[in-house]
Amino acid sequence: MQSIINFIKDGQLYIIIALIILVLILILLVIITYASLNRLENKYRKLMRGVNKNNLEEMVVSYLDHIDEVKETVNVVKDENEVMKQMYEKLDGKLKACLQKTSMVRYKAFDDIGSDLSFSVALLDGNSNGVILTSIYGRNESTIYAKSIDKGISRYELSKEENKVLEQAVMIES
């Protein structure tokens, strides 16, 4: 033990210098660490401050609330789309029953009549249901006939002019 005490006494100056250098190095490390901590704290404050002096937590909560609102809006739009689809299907069904296909042919019913005063008109809906109106013009009288059409077919016998207007009307796409 005496040898250790003698060694310390002999190298006391060197040991003090080494400890001073070690303390200075530690002080320098503390200063560097403190500066780094300040830079990190400034970055953290900027991050937490966010935009318009709001902190990050408020911004995240705000964005999550906004996402929830968008989801609700999307659900409302989906519901509105379903309503619109149902309305479209209803209107499409009604439209099929409306007059959509027409055709007309004028002709001379009798050779002694000078002009094409007779005619046949087909009036059909989207399902090719409707009527054929035929007017036969003569010198002394004019007669009008109506023949019903069901799915492009008549229960009554049709003249060639009536067949022609029926064929033309059925060929029209609805």
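Ser135 lies in strand 3, which covers residues 130–137, where helices (H or I, at least four residues) and strands (E, at least two) are DSSP runs numbered from the N terminus. At 6% relative accessibility, Ser135 counts as buried, a label given under 20% relative accessible area, whereas exposed stands for over 50% and partly exposed for values in between (1.4 Å probe, protein chains only). Leaving aside neighbours within four places in sequence, Ser135 is in contact with Ser118, Phe119, Ser142, Thr143 and Ile144, contact being defined as heavy atoms within 4.5 Å.

The model is predicted, so that local features need pLDDT of at least 70 and side-chain atom pairs count only at pLDDT 80 or more, while totals for chains, interfaces and linings use all residues. Residues are numbered from 1 along each chain as its sequence is written, and side-chain values use heavy atoms, with hydrogens and water left out.

The secondary structure of the chain consists of four helices and five strands, which follow one another along the sequence in the pattern α-α-α-β-β-β-β-β-α. The C-alpha trace spans about 155 × 30 × 25 Å along its principal axes. Buried residues make up 16% of the 174 residues, and, of the contacts with a separation of 6 or more, 41% are accounted for by residues 24 or more positions apart.

The largest nonpolar core has 10 residues, namely Val105, Tyr107, Ala122, Leu124, Ile132, Ile149, Leu158, Val165, Leu166 and Ala169; such a core is a set of buried Ala, Val, Leu, Ile, Met, Phe, Trp, Tyr and Cys residues joined through side-chain atoms within 4.5 Å. At least two residues of this core come from each of strand 1 (99–107), strand 2 (118–125) and helix 4 (160–171), and helix 4 gives the most, with three residues. Apart from neighbours within four places in sequence, Val165 is in contact with Ser103, Met104, Val105, Ser120, Val121, Ala122 and Ile132.

Lys90, by contrast, is found in helix 3 (residues 56–96) and counts as exposed, at 56% relative accessibility. The C-alpha atoms of Lys90 and Leu123, which are 33 residues apart along the chain, are separated by 23 Å.
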